[in-house]
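Student: I would like to learn how to read a model like this one. Can we take it feature by feature?

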Amino acid sequence: MQSLDVISINIWQIVVSLLNLVLLFLIIKKFLYKPVKKMLQDRQATIDKQYSDAQDAKNKAIADQKTYEEKLSAAKLEADGVISAAVDTAKAREKEILAEAKQKAEGIVIKAENDAKLAVLKAEDSIRQEIINVSTALSEKVLEREISKDDHKNFIDSFIDNLGDSDE
């Protein structure tokens, strides 16, 4: 059989390899692991801060939206109130204008009636004057035929009396 010299276990070499491994582990831990861990923690803190800032901004946006909606609702209510008040004012003004127009129309009708009555009275007076003129002319014609003064006076008096009776 052959010799097993090739496969031999050297304890010192194993110990030195283990010491190298531990030393390498400590060096890596000291110079690489801690700075990398610190960098990761810093990154995590930055990310957490950004999430927190984003959440705060979201909450503020929601609060601003609620405030805006409340103000919009209040503005709509105020606008509705203003419109309602304007409609009420317009209706009241409409009633005033209609009442004023009706009153003016009634005044115009009354004035027209009074004018018509006055025109009738003037026409009656004009007719009376015309009758008087005609009767005077008639009287002159009759007088020309030699009526006595007494007849003439009686004739005029009876004519005037007849005019007075026809007025009533």
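Tutor: Start with the pocket. This is a predicted model. Helix H1 (11-144) and helix H2 (149-167) each supply at least two residues of the lining of the largest pocket.

Student: Which classes make up the lining of the largest pocket?

Tutor: The lining counts 7 nonpolar residues, 4 polar and 1 charged.

Student: Now the fold. How many helices and strands does the protein have?

Tutor: There are 2 helices and 0 strands.

Student: What share of the residues counts as buried?

Tutor: Buried means under 20% relative accessible area. Of the 168 residues, 2% count as buried. The protein exposes about 15,500 Å², with 62% of that supplied by carbon and sulfur atoms.

Student: On to charges. How many salt bridges does the structure hold?

Tutor: The cut-off is 4 Å between a side-chain nitrogen of Lys or Arg and a carboxyl oxygen of Asp or Glu. The structure holds 5 salt bridges. One of them joins the side chains of Lys60 and Asp64, at 3.2 Å from N to O.

Student: Where do Lys60 and Asp64 lie relative to each other along helix H1?

Tutor: They are 4 residues apart in helix H1, so about one helical turn separates them.

Student: Is Lys60 buried or exposed?

Tutor: Lys60 counts as exposed because its relative accessibility is 54%, and the line for exposed is over 50%. Asp64, at 41%, counts as partly exposed.

Student: What about Glu96 and Arg93: how far apart are N and O in their salt bridge?

Tutor: Their side chains meet at 3.3 Å, N to O. Glu96 and Arg93 are 3 residues apart in helix H1, so the separation is about one helical turn. Glu96 is partly exposed at 45% relative accessibility. Arg93 is partly exposed too, with 44%.

Student: Which residue forms a salt bridge with Lys104?

Tutor: Glu100 does, with the closest N and O atoms 3.7 Å apart. Both residues lie in helix H1, 4 residues apart, about one turn of the helix. Lys104 counts as exposed at 54% relative accessibility, while Glu100, at 40%, counts as partly exposed.

Methods: Residues are numbered from 1 along each chain as its sequence is written. This is a predicted model: local features need pLDDT of at least 70, side-chain atom pairs count only at pLDDT 80 or more; totals for chains, interfaces and linings use all residues. Side-chain values use heavy atoms; hydrogens and water are left out. Ala, Val, Leu, Ile, Met, Phe, Trp, Tyr, Cys and Pro count as nonpolar, Asp, Glu, Lys and Arg as charged, and the others, Gly among them, as polar. Buried means under 20% relative accessible area, exposed over 50%, partly exposed in between (1.4 Å probe, protein chains only). Accessible areas come from the Shrake-Rupley method with a 1.4 Å probe; for residues, only the protein chains shown count as cover.
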